[in-house]
Amino acid sequence: MKDRIKTMMDYAYFEGKITPSVESKISIASHSIQYGSTCFGGMRGYLREGKARLFRIEDHFERLMNAVKIFGMDFKMTFEEFKKAVSELILANKPATDFYIRPFIYSDDEDLTPKFVGISFKIALYMIPLGDYLDTSRGLRLMVSSWQKFPDASISTKAKAGGSYLNSSLARSEAIRCGYDEALVMDQNWSIVEGSAENFFIVYRGEMIMPSIGSSMLEGITMRTVVEICKEENISIRFEKIDRSMVYTADEILLTGTGAQILFADSVDDRVIGDGKMGEVCQRLRNIYTAIIEKKHPKSKLWISEYEVC
Ligand code: PMP
């Protein structure tokens, strides 16, 4: 797997203003550093016709603020304020390539107690150049991880919380050490629920199946996009428990995420999926996703917003 993640761009949004990234620092004793008490988001920026196109920014903001609500963090921001911060940051960095914006809510309180009450939270944003996060030119080699996804009864699975990504890190690291590209994780009921940082779908006996929203998975914005496209395109899709044998014998396996976009697996635990090539459903969904980004689809109006880069 190619490592395409580069370093931060020159400016960050920090302490309510645009600040050089090198000066955007917090104390090593910060609550968020010690306990992983952050909630974050991740949006792709596509540089097209001299402007930055952001995909579903309102939905990303909503998920971030839902995470704040779930954890009961003391933090408030309106969507207008968020958009202003995003547009100022893009203008400051003047991206010359596609990029990724990472907004996150953190606490730099030097408080030793792991709790959310009595702790103050702030927002920061930074940008990195980002092409493909995972290799899109081929199918992924997946393994089913020995690490289980935590249940929502332990940590919210619907919030992208910094600390909970230790679980993703364990699963992804195991996959890399074993020579695979990415891991699939099971929940407490031995159902496969997602990748370490992607949602997952299977095409099984000609039908799309994905785990139910209430299973221990993140409700991905790319996943929601795929579900909405399927409904419009009359591609049959069901939400259901997916076990390991269904995965091994699926016609196609798709992974979706802001970083990953729409990818397919050519094998899981060395069992070849379908004919090991990109399937019909994956190709069709990818074409539609690209048309949305390229503003050649009716949904582009709804889901794409444009920002000046200079
Ligand atoms: N599941 C997990 C655990 C993730 O980290 C991500 C990436 N945010 C996804 C699914 C996909 O979500 P999205 O499409 O919103 O990027």
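Helices (H or I, at least four residues) and strands (E, at least two) are DSSP runs, numbered from the N terminus. By that rule the protein has 8 helices and 17 strands. This is a predicted model, in which local features need pLDDT of at least 70 and side-chain atom pairs count only at pLDDT 80 or more, while totals for chains, interfaces and linings use all residues. Residues are numbered from 1 along each chain as its sequence is written, and side-chain values use heavy atoms, with hydrogens and water left out.

Now the overall shape. The radius of gyration is taken over C-alpha atoms, and the globule rule is 2.2 Å times the number of residues to the power 0.38. For 310 residues, a compact globule would have a value near 19 Å, and the protein agrees because it has 19 Å. The C-alpha trace spans about 50 × 45 × 30 Å along its principal axes.

Next, the inside. Buried means under 20% relative accessible area, exposed over 50%, partly exposed in between (1.4 Å probe, protein chains only). Of the 310 residues, 54% are buried. A nonpolar core is a set of buried Ala, Val, Leu, Ile, Met, Phe, Trp, Tyr and Cys residues joined through side-chain atoms within 4.5 Å.

Which residues touch the most other members of the largest nonpolar core? Among the 34 residues there, they are Phe 82, Val 86, Ile 90, Ile 101, Ile 105, Ile 123 and Leu 125. Two or more residues each come from strand 5 (51-55), helix 2 (57-71), helix 3 (79-93), strand 6 (99-106) and strand 7 (122-129). Helix 2 gives the largest share, 7 residues. A second, separate core has 33 residues, including Met 143, Val 226, Ile 229 and Ile 292.

On a 1 Å grid over the protein atoms alone, a cavity is a set of points where a 1.4 Å probe fits but cannot get out, and lining residues have an atom within 4 Å of a point. Grid points are joined across faces, edges and corners, and a volume is the space filled by probe spheres set on the points. There are 2 cavities of 30 Å³ or more.

The largest cavity has a volume of about 50 Å³. Its lining includes Met 43, Arg 44, His 60 and Tyr 289. Strand 4 (43-48) and helix 5 (221-232) each give two or more residues to that lining, and strand 4 gives the largest share, 3 residues.

Terms used:
1 Å grid on protein atoms, 1.4 Å probe; cavity = no way out; pocket = protein on both sides within 12 Å on 5 of 7 lines; lining within 4 Å.
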